[in-house]
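Let's walk through this one together, a feature at a time. Have the model open while we talk.

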Amino acid sequence: AILIGFTISIVVCCAGVGLLGAVIDIPKENPNFLRGVDILLTSGLIAGGSDSFHQFVSTLETFFNESKNRIESKP
């Protein structure tokens, strides 16, 4: 069910629905990378719900906090 939902949500996102486009200004010169990230994030949120998106963001936050702590603890 998640695979089918993800596939359908990719089609919806390719049609123009996106989260990042509303938050940041995607440059007109080379929008491919940011648009691709926008499609993947929005599709994941639509297909998996907000819980999976929250877990993804929490994992990134933990990674960056641990990296920061390692850098600060080095002499």
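Q: Which side chains meet in a salt bridge, and at what N to O distance?
A: The rule first: a salt bridge needs a side-chain nitrogen of Lys or Arg within 4 Å of a carboxyl oxygen of Asp or Glu. Here the partners are Arg-70 and Glu-66, with 3.8 Å from N to O. The structure holds 1 salt bridge.

Q: Before we go on, what kind of model is this, and which pLDDT limits apply?
A: This is a predicted model, where local features need pLDDT of at least 70, side-chain atom pairs count only at pLDDT 80 or more, and totals for chains, interfaces and linings use all residues. Residues are numbered from 1 along each chain as its sequence is written, and side-chain values use heavy atoms, with hydrogens and water left out.

Q: How many helices and strands does the protein chain have?
A: Helices (H or I, at least four residues) and strands (E, at least two) are DSSP runs, numbered from the N terminus. The protein chain has 3 helices and 0 strands, and its elements read α-α-α from the N terminus on.

Q: Back to Arg-70 and Glu-66: how are they separated in helix α3?
A: They are 4 residues apart in that helix, so about one helical turn separates Arg-70 from Glu-66. For exposure, buried means under 20% relative accessible area, exposed over 50%, and partly exposed in between (1.4 Å probe, protein chains only). Arg-70 is partly exposed at 49%, and Glu-66 is partly exposed at 41%.

Q: What share of the 75 residues in the protein chain is buried?
A: Buried residues come to 11% of the 75. As for surface, accessible areas come from the Shrake-Rupley method with a 1.4 Å probe, and for residues only the protein chains shown count as cover. The protein chain exposes about 5900 Å², with 67% of that supplied by carbon and sulfur atoms.

Q: How is a pair of aromatic rings described?
A: You use the distance of the centres and the angle of the planes. Rings of Phe, Tyr and Trp (its six-membered ring) pair if their centres lie within 6.5 Å; planes under 30 degrees apart count as stacked, over 60 as edge-to-face and the rest as tilted. This structure holds 1 aromatic pair. The ring centres of Phe-63 and Phe-64 are 5.3 Å apart with planes at 65°, so the pair is edge-to-face.

Q: Are Phe-63 and Phe-64 buried or exposed?
A: Phe-63, found in helix α3 (residues 32-73), is partly exposed at 48%. Phe-64 counts as exposed, at 51%.

Q: Which residues form a nonpolar patch on the surface?
A: Patches are made of residues with over 30% relative accessible area and no salt bridge: like charges are joined within 9 Å, nonpolar side chains (Val, Leu, Ile, Met, Phe, Trp, Tyr) within 5 Å. In this model, Phe-56, Val-57, Leu-60, Phe-63 and Phe-64 form one, with about 480 Å² of accessible area together.

Q: How far apart are the C-alpha atoms of Gly-48 and Ile-2?
A: Their C-alpha atoms are separated by 6.7 Å, though the residues are 46 apart along the chain. Gly-48 is found in helix α3 and is partly exposed at 38%.
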